[in-house]
Amino acid sequence: MIFADYLRYIQWPWALSLAIVLPTLAAWLVRWGLRARRERLARLGTESMVARLAPSVSTQHTSSAILRAGLATLLLGIAIAGPRWGVEQTVVKQQGVDVVLALDASLSMLATDERPSRLQAMKQEINRLRDLSPGDRFALLAFAGRSYILTPLTVDNSALDLFLQNLDPSIVGQGGSSLASALRQASNLLALNKAAGDKAIILMSDGEGFDNPEEVLSEARRARQLGFTLITAGFGTTEGSTIPVVENRVVTQKKDENGNVVVTHYDPTLLKGIADEARGVFVDARTPDKAGKIRLALNNLRVNPRSVVSGENLGIQFQWFVLAGLFFLLLDTFLQTKRRRRRSVAAAATTAAMLMLTTASCRRAPRDKPGIALYNTGTQLLVRDSLKAAVPPLTKVVDSKDAEARHHSRFNLGLDYLVQGLKAKDSADAPLDSALYRYKQILEVAVADSDARWNYELALRQKQKNGGGGGGGGGGGGGGGGGQSKTPTPAPAQSQNQAPAPKPVPGMTPQQAEAVLNAAEDKETDVQGKRQQKNVPTPPRGKDW
C-alpha cells in the first residue's frame with residue numbers, strides 16, 4: 001500500500017523496469033568490452049610490456065567502470081519513467097461568451113405534458129447546450145416567485161452539475177412565476193462582469209407568468225440597452241397538463257385556493273414578446289432541437305479569449321536525472337582520457353560551465369524561510385483546533401513574496417475564520433466576512449481552485465443563513481457577495497454546533513484529505529436535500545404555480 005502511494009510520483013510506473021534492465025545490460029557490456037580489450041592486448045606481449053606501452057588501459061579498474069556505467073543508466077532509466085513532484089498548473093487557452101441561464105423552477109414545470117416533465121426536459125436541453133459550448137462560461141439562476149443565483153459565471157462543470165441535479169421548485173422557496181425578477185437579476189449579474197466579448201441571457205420557461213407583462217417587457221428592454229443578447233426557450237404544450245405534487249408521500253394533483261385541480265398551459269405569447277422587445281431569439285416549445293438552435297444564435301456573438309487554469313498536477317522533473325546520468329558518463333570519459341590532461345581539463349571546464357548554466361536555469365526562486373516557518377506554526381495550531389492562536393502567524397505570511405507560502409497561508413487563514421464562523425452561536429458575521437475576504441484573494445489569482453471556491457460558497461451560505469445576505473449570492477470568483485466583505489479580524493466565541501465540513505488544510509495525508517472530501521461531499525448533498533425539504537414557503541394567496 002505504501003509503495004502504491006509513491007507510484008503517483010512516477011508518470012509511467014511500467015517504465016521503472018528500465019531502471020533495472022538498463023544498468024544490468026550496461027554492466028554486462030562494459031565488463032565484456034574490457035575483458036575483450038585485455039585479451040587483445042595480451043596477444044601483444046607480457047603484462048609488464050603492455051603496462052609500459054598502454055598504461056591507461058592496463059591500470060583501468062573494471063569495478064569502477066561498471067559502477068559509473070550502471071549509475072548513469074540507472075538514472076536515465078528513472079528519467080524515462082517520468083519522475084514528478086512539486087506543483088505545475090495547466091493553463092488552457094479558450095474563447096467563448098458569458099451566458100446566464102435563467103431557469104423556471106416553479107411548480108408548473110413539474111407538469112408532464114413533456115416527458116418525463118417540463119423541468120427534466122429543460123435540464124436535458126441545458127446539458128446538450130453545455131456539450132455544444134465547451135468554451136463558454138455559464139451562470140445558473142433559478143426563479144419562481146423570486147429569483148435566486150445558484151452559481152456565478154464559471155467553467156466548472158462539476159459545480160454546474162451539482163446545482164442542476166438539485167434544481168426543483170423547493171430550491172427557490174416562493175411560489176409563482178416572476179419573469180421580471182429573473183431578467184433583472186440576470187442583467188445585474190452580467191453587468192458586474194467587465195470582460196470583453198458579448199454576453200447572453202437564456203430564459204427557459206413555460207411562459208406562464210403571473211407578474212405585470214409591462215414590467216417584464218421593461219426588463220427585456222433594459223437587457224437590450226445594456227448590450228445583452230436575450231434568448232427565450234419554451235417548454236410544455238398549449239393543451240396543458242395537471243401538476244403532480246407529493247403530499248404525505250402520496251402523489252396528488254395541485255389544486256388552487258378554491259379546491260379546483262390546476263391545469264397549467266404553455267404560453268408562447270409572453271416569451272415571444274420578451275424576445276421581440278429585446279431583439280433576441282425565440283425558440284418555440286415545439287422545436288425538436290432547442291439546444292442546437294440556441295447554439296446557432298450564440299455563434300453570432302463576439303467571443304472573449306481567456307486563459308483558464310484547468311488544474312494543478314505534479315511537475316515533471318526528469319531533467320535532474322538526465323543531468324546526473326550525463327555527469328557520470330562524462331566522468332567516465334574524463335577518467336579514460338586522463339593522459340591527455342590539458343585537453344581533458346578544457347573539456348571538463350566547458351562541461352562544468354554547461355552544467356552550471358543548466359542547473360541555474362532550473363533553480364527555483366529563493367524561498368521565504370521565516371514565512372514558511374510561521375506558516376507551519378499556524379497550520380499546526382489550526383490542525384490542533386487552536387483557532388485564535390493560529391490567526392497571528394498565518395496573518396504575517398499572507399503578503400509574503402513567496403507565492404506558494406502566500407497562497408497556502410491565505411487558504412488556511414480563511415479556513416480558520418470559516419471554522420470559527422461555523423462554530424459561533426452569536427456574532428458569526430465577522431469571521432465569515434474574514435473568510436470570504438481571504439478566499440476571494442485566492443480566487444482572484446487562481447480561479448480554478450476548487451477547494452477555495454467550495455469554502456467561499458460555504459461561508460457565503462452560512463452568512464446568508466445567519467441573515468447576512470439576500471437571495472442572490474455572488475459565488476466564488478465571480479465577484480458577487482464576497483466583494484462586500486469587511487477587513488479580516490480575529491473571530492468570536494466558539495460552540496459545538498455542527499456545520500457542513502470545509503475543505504481540509506493543505507498538507508494533510510492523502511487518506512485524511514480523501515476522508516474529509518468525501519464527508520464534505522456527502523454533507524453538501526444532504527444539506528441541499530434538507531434545505532429543499534425544509535424551505536417550505538408560507539401559504540400563498542392566489543396563483544402559486
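Residues are numbered from 1 along each chain as its sequence is written. In this predicted model local features need pLDDT of at least 70 and side-chain atom pairs count only at pLDDT 80 or more, while totals for chains, interfaces and linings use all residues, and side-chain values use heavy atoms, with hydrogens and water left out.

**First stop: two strands**

Select residues 137-143, which form strand β3, and then β4, with which β3 pairs in the antiparallel sense over 5 bridges (strands pair if DSSP finds at least two bridges between them; a strand is a DSSP run of E of at least two residues, and a helix is a run of H or I of at least four, both numbered from the N terminus). A hairpin of 3 residues joins β3 to β4, and Phe143 has Ser147 in β4 as its bridge partner. Strand β4, residues 147-154, is mostly covered, with 8 of its 8 residues buried (buried means under 20% relative accessible area, exposed over 50%, and partly exposed in between, using a 1.4 Å probe and protein chains only).

**Second stop: salt bridges**

Next, show Glu125 and Arg128, whose side chains meet in a salt bridge at 3.5 Å, N to O (a side-chain nitrogen of Lys or Arg within 4 Å of a carboxyl oxygen of Asp or Glu). The two residues are 3 apart in helix α6, residues 118-132, and so are separated by about one helical turn. Glu125 counts as buried at 12% relative accessibility, whereas Arg128 is partly exposed at 37%.

Then select Asp433 and Lys463, another salt bridge, at 3.2 Å, N to O. Asp433 lies in helix α17 and Lys463 in helix α18, so the pair ties together parts 30 residues apart in sequence. Both Asp433 and Lys463 are buried.

**Last stop: two helices**

Finally, select α9 (residues 213-225) and α10 (residues 268-277), whose axes come within 8 Å and cross at roughly 35° (axes are lines fitted to C-alpha atoms, for helices over the stretch in contact, with angles from 0 to 180 degrees between N-to-C directions). Residues that meet here include Leu217 in α9 and Ile274 in α10 (contact means heavy atoms within 4.5 Å).
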